[in-house]
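User: I have a model open and want to go through how its parts pack. Can you take my questions as they come?

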Amino acid sequence: EISSAIGSIENHHIKALMESFFKDQAFVDEFSKTPGGITMHHNYVGGLLEHTLHVLHICKSLLEIHPQLDRDLLFAGAILHDIGKTREFRVTTNIKQTEDGMLRGHITIGQEILLEKIKGIEGFPTELKLKIAHIMLSHHGNGDYGSPVAPAFAEAEAIHYADECDAKLDQHITTKEDPRT
């Protein structure tokens, strides 16, 4: 489904960015096995991929209600918002937080990964770079949950609520299925 969403992207800069991630087999392998968290939502191997797909689905539904949203920007934000978790967590006999993850967190790490990739794309527009970086920086909504900035435009707000909706629903469903978690 991620490759289908990437294939449907029309903005050639966003498409190039997404392909720079998802044609990198080492990144795909890491992204596919990374958990979504340690104790909170999607806290199992592959949880990040599952969560990302859920956020993408929610965003597709939001586009049906609000077709004026920038579809390509929304898809990129939905897919990339948590990429920093690929360096925040390590799976051994359990899920562990890396030193980098503990000291900087996935939001900061994700922005760094994003900016590294954008540097390799010639002519990437500054405004687009700032918007995608803002989506990553604001996807937790406010400082109480680790975002250094609040969402400042519609697509950033949509990613924030899609992320929060899926994370909270997963927590409730998991708790109901096994109250010991």
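Analyst: Keep in mind that this is a predicted model. A place to start is helix 3, whose buried residues are Phe27, Val28 and Phe31.

User: What caps the N-terminal end of helix 3?

Analyst: Asp24 does, with a side-chain oxygen 3.2 Å from the backbone nitrogen of Ala26.

User: Switching to Thr86. Buried or exposed?

Analyst: Thr86 has 5% relative accessibility, so Thr86 counts as buried. This residue belongs to helix 6, residues 85-88.

User: What lies 2.7 Å from a polar atom of the Thr86 side chain?

Analyst: The backbone oxygen of Ile83. Beyond four places in sequence, Thr86 touches Phe27, Glu30, Phe31, Thr34, Leu48 and Ile113. Phe27 and Phe31 are among the buried residues of helix 3.

User: Now the largest nonpolar core. How many residues?

Analyst: That core has 41 residues, and Leu17, Met18, Phe22, Ile79 and Leu80 have the most contacts inside it. Several helices supply at least two residues each, including helix 3 (25-33) and helix 9 (154-177). Helix 5 gives the largest share, seven residues.

User: What is Ile79 in contact with, leaving aside neighbours within four places in sequence?

Analyst: Ile2, Ala5, Ile6, Met18, Phe22, Phe31, Thr52 and Leu56.

Key: Residues numbered from 1 in each chain as written. Predicted model: local features only at pLDDT ≥ 70, side-chain atom pairs only at ≥ 80, totals over all residues. Heavy atoms only, no water. Helix = DSSP H or I, 4+ residues; strand = E, 2+ residues; numbered from the N terminus. Buried < 20%, exposed > 50% of the residue type's maximum accessible area, 1.4 Å probe, protein only. Polar contact = N/O pair within 3.5 Å; in protein donor to acceptor, adjacent residues only side chain to side chain. Contact = heavy atoms within 4.5 Å. Core = buried A, V, L, I, M, F, W, Y, C linked by side-chain atoms within 4.5 Å.
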